[in-house]
Structure formats: C-alpha cells, structure tokens
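Let's take a walk through a protein model together. Keep the picture open as you read, and try to find each spot as it comes up.

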Amino acid sequence: MARRILRGLSLAVLLASSPAWSTTQGPTVVPPQPGWSQLTQEQRRILAPLADSWGNMENYRRQKWLDIAKRYPRLKPEEQARMQRRMQEWHAMPPEDRVRVRQQYQEFKRLPPEKRDEVKAKWETYKQLPEEEKLRLKQKSEAKSAPSDRNIRANP
C-alpha cells in the first residue's frame, strides 16, 4: 500500500515538473478527443499501457496523454522507458489510488513554491538512499498505518 502511494507521489512529482501538466489548472472543457482506433499507429504504440482504459477516459485526460505522446519521441531512451513504466504503474493502480494520487498532486500544486521545492528536495534525498534504507522506511510506514489490536477492539 505504502509502495503504491509512494509510486503515485513520485508520478505526481514527475508530472508536476512537466510543463504540459503544470500549466493545466484541472478539468477544463476540452473538445472530444480521438478514440483508440483513431489514434496513429505511433500514438497507440506509445500509449499502449493505457489502451484498456482509453475509452473510459475524460477528454481532458486523453488530451494530456496525447501531449505526452507528442513529446515522447524527443525523450532519451531511458526517459522513454521510465515513461512506459509509469504508464503501466498508473494503469495497474486501483481507481481509488488514482483518485488519491490526483488529490495529492492538487495539494502539491497548492503549496507555496518554497514548500514544493522542499518536497522535491526530500524526494531527491529519498531516491539516493540505499534500497535497504528505503525498505526500512517502507516497513516503518506500513507499521504506522496498520491497525493496532487496541483500535480493532475499540472499533468493532
């Protein structure tokens, strides 16, 4: 659970630093976007992890993904691979986790610039930690969020 949230938060930070995402203020009126079968072969290849959910996506979300697909060929191969992993992770997330990540992203955008910089700096520091330390922190976080016996008995 904590890992999903952490991945979601990392996705939110990545998206927050992306010009195509940071300029959008939220759901806006966007004209109808093409269906999956109307995408070019290259767009379908790039956005393949989203194929199953494309038909259920709001137009403004489709537009954002199409903007990403437009920039995708200019990315370095390792950035392309990371983008593919992120799309797969996003697609694999349960809908309630996606909602939570979107809310966290909106909260992040509302932070003052110095607080956003602080969050980004903490994230960069975390990324530099050895895997063992990340695992320790994950376990500590899961232990904090696990219900205790006392809470279970108090709330039948």
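This is a predicted model: local features need pLDDT of at least 70, side-chain atom pairs count only at pLDDT 80 or more; totals for chains, interfaces and linings use all residues.

In helix 6, the buried residues are Met83, Gln84, Arg86, Met87 and Trp90.

The mean pLDDT of the protein chain is 81, with 74% of its residues at 70 or more. Confidence isn't even along the chain, though. Helix 3 (residues 41-46) has the highest mean, at 96, while helix 2 (residues 19-22) has the lowest, at 44. Over residues 16-24 the pLDDT stays under 50, and for that stretch the model has 14 contacts beyond four places in sequence.

Step back for the overall layout. The protein chain has 10 helices and 0 strands. Of its 156 residues, 30% are buried.

Next, have a look at helix 7 (residues 95-110). Helix 7 has 16 residues and reaches 23 Å from its first C-alpha to its last, close to the 22 Å expected at 1.5 Å a residue. Which residues of helix 7 are buried? They are Asp97, Arg98, Val101, Tyr105 and Phe108. These residues cover an arc of only 100° around the axis, which puts them on the same side of helix 7. On the other side, Pro95 and Arg110 are exposed. A bit of helix geometry is handy here: an α-helix has 3.6 residues a turn, so residues three or four places apart point the same way.

Now for the inside of the protein. The largest nonpolar core has 16 residues, and those with the most contacts inside it are Ile46, Leu47, Leu50, Trp54, Trp65 and Met87. Two elements give two or more residues to this core, helix 5 (59-71) and helix 6 (77-92). Helix 5 gives the most, with 4 residues. You've already met Met87, one of the buried residues of helix 6.

Pick out Leu47 in this core and see what surrounds it. Leaving aside residues up to four places away in sequence, Leu47 touches Trp36, Leu39, Trp54, Trp65, Leu66, Ala69 and Met87. From Leu47, hop over to Ile68: their C-alpha atoms are separated by 9.0 Å, and the two are 21 residues apart along the chain. Ile68 sits in helix 5. Its relative accessible area is 2%, so Ile68 is buried.

Last stop: charged pairs. Side chains of opposite charge can pair when their charged atoms come close. If you count a pair whenever a Lys or Arg side-chain nitrogen is within 4 Å of an Asp or Glu carboxyl oxygen, the count comes to 8 salt bridges. One of them joins Glu58 and Arg61, at 2.9 Å from N to O. Are these two partners buried or exposed? Glu58 has 39% relative accessibility, so it counts as partly exposed, whereas Arg61 is buried, with a relative accessible area of 17%.

Helix 9 (residues 131-145) holds another pair, Lys134 and Glu131, which are 3 residues apart and so separated by about one helical turn. Their side chains meet in a salt bridge of 3.4 Å, N to O. Lys134 counts as buried, at 15% relative accessibility, but Glu131 is exposed, with a relative accessible area of 51%. Also in helix 9, Glu133 and Arg136 are 3 residues apart, which again makes about one helical turn. The salt bridge between their side chains is 2.6 Å, N to O. Here Glu133 is partly exposed at 26% relative accessibility, and Arg136 is partly exposed at 40%.

How values were computed:
Residues are numbered from 1 along each chain as its sequence is written. Side-chain values use heavy atoms; hydrogens and water are left out. pLDDT is the predictor's confidence in each residue, from 0 to 100. Contact means heavy atoms within 4.5 Å. A nonpolar core is a set of buried Ala, Val, Leu, Ile, Met, Phe, Trp, Tyr and Cys residues joined through side-chain atoms within 4.5 Å. Buried means under 20% relative accessible area, exposed over 50%, partly exposed in between (1.4 Å probe, protein chains only). The expected span of a helix is 1.5 Å times one less than its number of residues. The arc is that of the directions from the helix axis to the C-beta atoms.
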